[in-house]
Structures are given as structure tokens and as C-alpha cells.
Amino acid sequence: MVKRRGLGPIQDEVDQLRATAAGAVRAAAESFFADYSKNADPLRLAAWFVPRCWREIEYVFMLNEEIRRYGLGFDRKHITALSKHSFQEAQHYEMVGRIIECLGGEVPVTVPESARAWSELLWDCLDRHRLSAIAAWNISETAAGGSFDATLAASERYQDQMPEAFRIYKQIVKDEDFHLGLGQLLLDRYVETDNDREEVLRAMQEMLDLVAYTYKPENVVAGG
Ligand SMILES: [Fe+2]
Ligand SMILES: [Fe+2]
């Protein structure tokens with residue numbers, strides 16, 4: 001029997017992609033909040049949360065589509081885990097939505113311009129291979145993790161503008177640990193061939209290019 005090698009041969013490369021994604025988004029978030037401190041207009045902060053909020057609800061759609069298309073090819077316990085992931089993203093949409101409303105902004109109900117390329121890439125990944133979307137959102141979620149320290153610090157600093165944000169982001173940080181672990185576990189469990197590994201790396205690299213080089217603080221505009 002051929003020994004299953006999972007992510008093994010590409011694990012270092014995957015870890016490198018994750019570190020680069022988190023680092024780039026950390027720098028962008030720090031830069032945004034440094035700039036925000038000069039003019040703390042809550043509508044600008046609301047605009048910063050809008051694409052983040054949208055990604056929460058679109059993860060729900062995409063996770064459910066992943067389950068619908070490919071779920072029966074996975075172990076039953078992994079369908080349950082993906083469903084839990086989906087449920088938590090729905091909670092994040094609700095919670096981040098509350099922060100936006102509190103700041104005087106509007107909760108997105110359609111894809112904002114600033115999240116369109118991200119959305120298109122993920123739906124494309126869903127069509128390509130059963131693990132592509134999991135690989136791509138694993139990089140996106142890793143990248144988002146890079147913004148959490150700055151977001152938590154800002155939640156304390158601007159508590160008067162968004163009193164619930166600190167508690168909400170503490171919960172999100174905890175849930176994201178589960179999502180990142182699940183992504184790594186599923187990829188490692190179901191990657192079998194060199195082609196699978198290529199598809200995983202391709203999806204991750206494309207998501208890295210997107211999150212690292214296109215999410216710039218200067219792209220945050222009210223209503224964006
Ligand atoms: Fe989330
Ligand atoms: Fe997540």
C-alpha cells in the first residue's frame with residue numbers, strides 16, 4: 001500500500017505562505033489604525049469592518065457549498081466540523097454587523113467592491129478541486145489573524161465608539177483557532193497526489209497575492 005503523504009512534502013512551503021500572508025495583513029492593519037488615530041471618524045472605522053463583515057457571511061455560503069458538493073467524500077465527522085465552522089461564521093457576521101451598526105455604518109448584504117476579487121477567487125476555487133477553496137480560505141483566515149492584535153488594541157482604545165468590539169473579537173480569535181486547525185487537518189487528511197498538492201499550493205499562492213498586495217489601508221473608503 002502506498003503511504004499517504006498528505007501535506008508533508010509541501011508543509012514548509014505552506015507555512016511560509018501563511019507567515020507571509022499574516023505578516024502583510026498585520027502591517028496593513030497597524031498602518032490603518034495609526035492613520036485612524038489622527039482622525040477617528042467612526043464611519044471610516046465602519047467602512048474598515050464592512051469587507052470583513054461580508055467575508056464572514058460569504059464563508060457561510062462557501063462552506064455550505066463545499067459541504068453540498070464534496071462533503072460526502074469526506075468522513076462524516078468532517079462534515080460536522082465544516083458545519084460548525086459555517087455556523088460560527090454566521091455568528092461572526094451577526095457580531096461584526098453589530099459593531100458596524102454601532103459605528104453608524106451599514107451591514108453589507110451584497111459583496112462590497114473591496115471584497116469582489118476575494119469572492120471571485122474563492123468561488124473559482126470551489127469549481128476547481130475539492131480542496132482548493134479550503135486551501136484558499138485557510139490563507140485568507142491566516143491573513144485575517146494578522147489583523148487581530150491591532151483590532152483588539154483599537155477595540156480598547158476606541159471603546160466609546162464600539163463598546164462590544166473587544167469581547168466580540170476575543171470570541172472571533174478563539175473561533176479562528178478552530179478554523180485554522182480544521183483547514184490544516186482537512187488538507188493534510190485528504191491531499192493524496194502530487195496534483196492535489198499542486199492545486200493546494202496554487203490556491204494558496206493566489207489568495208496570498210490577493211490579500212498581501214491588494215488590501216491596502218488607502219483602499220478603505222467610507223461605504224467601500
Ligand atoms: Fe469568521
Ligand atoms: Fe473563520
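Student: How are α6 and α7 directed relative to each other, roughly parallel or roughly antiparallel?

Tutor: First, the ground rules. This is a predicted model, in which local features need pLDDT of at least 70 and side-chain atom pairs count only at pLDDT 80 or more, while totals for chains, interfaces and linings use all residues. Residues are numbered from 1 along each chain as its sequence is written, and chains are lettered from A and ligands numbered from 1 in the order in which they are written. Helices are DSSP runs of H or I with at least four residues, strands are runs of E with at least two, and both are numbered from the N terminus. An axis is a line fitted to C-alpha atoms, for helices over the stretch in contact, and the angle between N-to-C directions runs from 0 to 180 degrees. Under 35 degrees counts as roughly parallel, over 145 as roughly antiparallel, 65 to 115 as roughly perpendicular, and the rest as oblique. Here the axes of α6 and α7 cross at roughly 160° and come within 8 Å, so the two helices are roughly antiparallel.

Student: Which residues of α6 and α7 meet?

Tutor: Two residues are in contact if their C-beta atoms, placed from the backbone, lie within 7 Å. On the α6 side these are F148, T151, L152, S155 and E156, and on the α7 side A165, F166, Y169 and V173. For classes, Ala, Val, Leu, Ile, Met, Phe, Trp, Tyr, Cys and Pro count as nonpolar, Asp, Glu, Lys and Arg as charged, and the others, Gly among them, as polar. The contact of α6 with α7 has 6 nonpolar, 2 polar and 1 charged residues.

Student: At what angle do α3 and α7 pack?

Tutor: About 155°, with the axes 10 Å apart. That makes α3 roughly antiparallel to α7. Among the residues in this contact are H85 and H92 of α3 and D175 and H179 of α7. By class, the contact of α3 with α7 has 8 nonpolar, 5 polar and 1 charged residues.

Student: What about α2 and α3: how far apart are their axes?

Tutor: They are 8 Å apart, and the packing angle is about 160°. α2 and α3 are therefore roughly antiparallel. Their contact divides into 16 nonpolar, 6 polar and 4 charged residues.

Student: Is E89 buried or exposed?

Tutor: A residue is buried if 20 or more other C-beta atoms lie within 10 Å of its own, exposed if 12 or fewer, and partly exposed in between. E89, in helix α3, counts as buried because it has 25 C-beta neighbours inside 10 Å. Leaving aside neighbours within four places in sequence, E89 is in contact with E56, Y59, V60 and L63. The C-alpha atoms of E89 and E56 are 5.1 Å apart, although the two are 33 residues apart in sequence.

Student: And where is F74 found?

Tutor: F74 is in the loop between α2 and α3. With 18 other C-beta atoms within 10 Å, F74 is partly exposed. Beyond four places in sequence, F74 is in contact with I79 and Y190.

Student: How many residues has the largest nonpolar core?

Tutor: A nonpolar core is a set of buried Ala, Val, Leu, Ile, Met, Phe, Trp, Tyr and Cys residues joined through C-beta atoms within 7 Å. The largest one has 61 residues, and A136 and M204 have the most contacts inside it. α2 gives the most to this core, with 12 residues. Leaving aside neighbours within four places in sequence, M204 is in contact with V14, L17, A135, A136 and I139.
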